[in-house]
Each structure stands twice: as structure tokens, then as C-alpha cells.
Amino acid sequence: MDAILCVDDDRAGLATVARTLREVAPVVTAQSGSEARAALGDEIAVVVSDYRMPAMLGTELLAAVRAHDASIGRILLTAYADVESLMDAINRGHVHRYVPKPWDPRELRAAVRQALDAARAARARARLGVET
């Protein structure tokens, strides 16, 4: 079963995101980039990460996720909407979607569903040996 990995150093924020996404797919949580990297496995299809975290920015984590498995959907949550942060997110983490805080639960679920669909399609193509 495909799962969503939610990453945030703020416990309350992490719990809220996880609760919001439980209806989409099973949720795994991590409170740091290093915890998230350790949690990456075949079942993780989407990573939803906060941008500002100690020791590792969300963009750094999402770049590591892409290096681990490019089929994993990558979504960045942040209250920092400056252009430099957005460009960093897109260029370093190859983020599929940027969702500003405060986020709307319906918008976040829709973004994650799209990322799940894309991950499933990429993995199906890989199993079939189809180039994109």
C-alpha cells in the first residue's frame, strides 16, 4: 500500500497534517530530515515536508528523496512565500507542488492525491520498462 511521509519539526503541525491526510492514504510521520530519510522505503509514494526545520531544510530533504527515488511525489509546505524560497524548492528539491501555510485541507488532500497518482503511474511505467 502506498503511504504518505509527513515531515515537520513542530509536533502540533505534524499531527494536523497527518490527521488531514489519513483519508487519502496511510501516513508515516517524522520530526526531522534524518528521521524522514530513515523512514524512506518502498511503501512511501509521497513526501510532504515543512520548509523550515533545524539541521535540514525541506528543500534539502526533498532533494535527497528525489535522489533516493525520483518517482516519490514531493510537496513542500511553508509560510515563507518569498521568491527565493520558491525557486530553491523547485530547483533543489524538484518539488511537485508548493502549498503555502496556512493551507486549506481540501487543497492539500488534492495535491497529495495528484502526487500519489503520478507516483503510481511512474512506478507502473518502471515495472513495465517504459521510458518517459
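A helix crossing is right-handed if the near helix is turned clockwise from the far one by less than a right angle. In this predicted model, the crossing of helices H1 and H5 is of the right-handed kind.

Two packed helices are described by the angle between their axes and the distance between the axes. For H1 (residues 11-21) and H5 (residues 105-128), the angle is about 65° and the axes lie 10 Å apart. That makes H1 roughly perpendicular to H5, since angles of 65 to 115 degrees count as such. On the H1 side, the contact involves Val17, Thr20 and Leu21. On the H5 side, Pro105, Leu108, Arg109 and Val112 take part. Five of these contact residues are nonpolar, one is polar and one is charged.

Strands of a sheet pair through backbone hydrogen bonds, either parallel or antiparallel. Here five strands are arranged in the order S2-S1-S3-S4-S5, and the pairing is parallel. S2 and S5 (97-100) are the edge strands, each pairing on one side only. Neighbouring strands of the sheet are turned against each other by 20° on average, with direction ignored.

Ile4 is bridged to Val27 in S2. Cys6 is bridged to Thr29, also in S2.

How are the residues of S1 divided between the two directions in which they point? Ala3, Leu5 and Val7 point one way from the strand, whereas Ile4 and Cys6 point the other way. All of them are buried. Because five of the five residues of S1 are buried, the strand is largely enclosed by the rest of the structure. Burial here means under 20% relative accessible area.

Helix H5 links the two parts of this description. Besides meeting H1 through residues that include Leu108 and Val112, H5 lies across S1, S3, S4 (73-78) and S5. Relative to S3, H5 runs at about 140°.

Methods: Residues are numbered from 1 along each chain as its sequence is written. This is a predicted model: local features need pLDDT of at least 70, side-chain atom pairs count only at pLDDT 80 or more; totals for chains, interfaces and linings use all residues. Side-chain values use heavy atoms; hydrogens and water are left out. Axes are lines fitted to C-alpha atoms, for helices over the stretch in contact, and angles run from 0 to 180 degrees between N-to-C directions. Helices (H or I, at least four residues) and strands (E, at least two) are DSSP runs, numbered from the N terminus. Angles under 35 degrees count as roughly parallel, over 145 as roughly antiparallel, 65 to 115 as roughly perpendicular and the rest as oblique. Contact means heavy atoms within 4.5 Å. Ala, Val, Leu, Ile, Met, Phe, Trp, Tyr, Cys and Pro count as nonpolar, Asp, Glu, Lys and Arg as charged, and the others, Gly among them, as polar. Buried means under 20% relative accessible area, exposed over 50%, partly exposed in between (1.4 Å probe, protein chains only). Two strands pair if DSSP finds at least two bridges between them.
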